Amino acid sequence: MNNIILCGFMGSGKTTVGMELAKIMGRKFIDTDEMIEQEQGVAIKAIFATRGEDYFRDLEHQCCKKISTFKNCVVSTGGGALTFDRNVDALKEGGKIVFLDADFDVICDRIGTSKTRPLFQDREKAKALYDERKGKYLKACDFVIDGNMSARKTALQIAEIFK
């Protein structure tokens, strides 16, 4: 069976929905950011700090190519992964992409004042990035799901599409 790949902005629920969806459908759950951290033995924040974004994006692309060879998985991608055509192309070889379309205000409520989200320290910049990425997610995806619902409801809707 094809993979189900979740994309969307940070805080849209990719990991939470992905874990719930994997449970519902009896599939393995993979988080691309966690996969990169495990393979590198270091946090993504540290990769950015020591090696830079280009290096991280190359690691991310290798991860997407590897995942495209997997079967029957639910995959949560990093917020920027599917803004790159090479990653979209790689992931589409092994699955269908679902965009979790959550409103910016809902995302802000979910993230709150989290210090683990550096891009959210400046809400105006975060909103500009959200607006920029949304069009890329829409272009990349095969399905759009309302990401404003609870993780359970969102996962059930996605499961219905793929049953």
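**Charged side chains in close-up**

**View 1. E132 is partly exposed, with a relative accessible area of 47%.** The model shown in this and the following views is predicted. E132 forms a salt bridge with K136, in which the closest N and O atoms are 3.9 Å apart. Both residues belong to helix α7 and are four residues apart, about one turn of the helix. K136 is likewise partly exposed, its relative accessible area being 34%.

**View 2. A salt bridge joins the side chains of K127 and D131.** The N to O distance is 2.7 Å. K127 and D131 also lie four residues apart in helix α7, about one turn of the helix. K127 counts as partly exposed at 32% relative accessibility, and D131 is partly exposed at 41%.

**View 3. D142 pairs with K92 in a salt bridge.** The closest N and O atoms of the two side chains are 3.2 Å apart. D142 is partly exposed, with 32% relative accessibility, and K92 is partly exposed, with a relative accessible area of 34%. The structure holds twelve salt bridges.

**View 4. D103, D105, D109 and D146 form a patch of negative charge on the surface.** Among them, D105 is located in helix α6 (residues 104-111). D105 has a relative accessible area of 58% and is therefore exposed, since the cut-off for that class is over 50%.

Methods. Residues are numbered from 1 along each chain as its sequence is written. This is a predicted model: local features need pLDDT of at least 70, side-chain atom pairs count only at pLDDT 80 or more; totals for chains, interfaces and linings use all residues. Side-chain values use heavy atoms; hydrogens and water are left out. Patches are made of residues with over 30% relative accessible area and no salt bridge: like charges are joined within 9 Å, nonpolar side chains (Val, Leu, Ile, Met, Phe, Trp, Tyr) within 5 Å. Accessible areas come from the Shrake-Rupley method with a 1.4 Å probe; for residues, only the protein chains shown count as cover. A salt bridge is a side-chain nitrogen of Lys or Arg within 4 Å of a carboxyl oxygen of Asp or Glu. Lys and Arg count as positive and Asp and Glu as negative; His and the chain ends are not counted. The place of a charge is taken as NZ of Lys, CZ of Arg, CG of Asp or CD of Glu. Helices (H or I, at least four residues) and strands (E, at least two) are DSSP runs, numbered from the N terminus. Buried means under 20% relative accessible area, exposed over 50%, partly exposed in between (1.4 Å probe, protein chains only).
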